[in-house]
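I set out to look up how one protein chain is put together, and I kept these entries as I went. The structure I worked from is shown here.

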Amino acid sequence: MDLAQKTVKRQASFCNAITFSNRPIALYEQVRLKITKKQCCWSGALRLGFTSKDPSRINPDNLPKYACPDLVSQSGFWAKALPEEFANEGNVIAFWVDKKGRVFYRINESSPMLFFSGVRIAEPLWALIDVYGLTRGVQLLVSKSFCGSDHPCVQ
């Protein structure tokens, strides 16, 4: 991670790059990131999700190499792999959780797509980002939180 804590770049291999937001994420708040670096010759792409575990209390040495399936098999972690066709440099990905525990995502302001469900929303949630496979670098962007006619979630 860079000094501004906005850009994450995997140093070697295709894994071992799990990172978290530095604060809890509100329901319907869009976590936004831009893919800054793509690397050929790997399979799989960015894994996105949430955790109810405070990352400041997680020992980095105890994190597994992979968010999926290793981390999500533990209580309090939910994540899924972004389809490889969306893991292109320059793409802006937004993802969020709604009041029903459903996670949605969108690519470059496209229509929202249901990603997965089953997130427990009773506790604070932090964003989980695993810079994996084809995705080598991401830049965290300003999050969006809004309600209105263009609300991204299905109520």
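**Entry 1: a strand and its partners**

I began with strand β3 (residues 31-38), which pairs with β6 in the antiparallel sense over four bridges; two strands count as paired if DSSP finds at least two bridges between them. The strands (E, at least two residues) and helices (H or I, at least four) in my notes are DSSP runs, numbered from the N terminus. Before going further I noted that this is a predicted model, in which local features need pLDDT of at least 70 and side-chain atom pairs count only at pLDDT 80 or more, while totals for chains, interfaces and linings use all residues. I also noted that residues are numbered from 1 along each chain as its sequence is written, and that side-chain values use heavy atoms, with hydrogens and water left out.

Within this pairing I found Arg-32 opposite Ala-94 of β6. On looking for a further partner of β6, I found strand β7 (residues 103-107), which pairs with β6 in the antiparallel sense over five bridges. Val-97 has Val-103 in β7 as its bridge partner. The hairpin of β6 and β7 has five residues between the strands, and there Gly-101 takes a positive phi near 80 degrees.

**Entry 2: how covered β6 is**

Is strand β6 enclosed or open, I asked? Six of the six residues of β6 (residues 92-97) are buried, so the strand is largely enclosed by the rest of the structure. For this I used relative accessible area, where buried means under 20%, exposed over 50%, and partly exposed in between, with a 1.4 Å probe and protein chains only.

**Entry 3: the whole chain**

Of the 155 residues, 46% are buried. The accessible surface, from the Shrake-Rupley method with a 1.4 Å probe, comes to about 7,900 Å², and 51% of this belongs to carbon and sulfur atoms. Taking contact to mean heavy atoms within 4.5 Å, I noted that residues 24 or more positions apart account for 76% of the contacts with a separation of 6 or more.

**Entry 4: two residues and their contacts**

I looked up Ser-43 in the loop between β3 and β4 (47-51); Ser-43 counts as exposed because its relative accessibility is 56%. Which residues does Ser-43 touch, not counting those up to four places away in sequence? They are Glu-84, Tyr-132, Gly-133 and Leu-134. Ser-43 and Leu-134 are 91 residues apart in sequence, yet 6.2 Å apart in space, C-alpha to C-alpha.

Lys-80, in strand β5 (residues 77-81), counts as partly exposed because its relative accessibility is 38%. Leaving aside neighbours within four places in sequence, the contacts of Lys-80 include Arg-47, Cys-68, Phe-115 and Phe-116.

**Entry 5: rings and cysteines**

I counted rings of Phe, Tyr and Trp (its six-membered ring) as paired if their centres lie within 6.5 Å, and the count came to six aromatic pairs. Ring pairs link Phe-86, Tyr-105, Phe-115 and Phe-116 into a cluster. The charged end of Arg-47 sits over the ring of Tyr-132, 3.7 Å from its centre; the rule asks for NZ of Lys or CZ of Arg within 6 Å of the ring centre and within 35 degrees of the ring normal.

A disulfide is a pair of cysteine sulfur atoms within 2.5 Å, and I found zero of them. Cys-41 is exposed, because its relative accessible area is 71%, whereas Cys-68 counts as buried at 17%.

**Entry 6: backbone details**

Most residues other than glycine have a negative phi, and most peptide bonds are trans. Against that background I noted a positive phi near 75 degrees for Cys-41, in the loop between β3 and β4, and another near 65 degrees for Glu-109, in the loop between β7 and β8 (113-116). A cis peptide bond, with omega about 5 degrees, joins Cys-68 and Pro-69, and Pro-69 is found in helix α1 (residues 67-71).

Conventions: Phe/Tyr/Trp six-rings, centres within 6.5 Å; stacked < 30°, edge-to-face > 60°.
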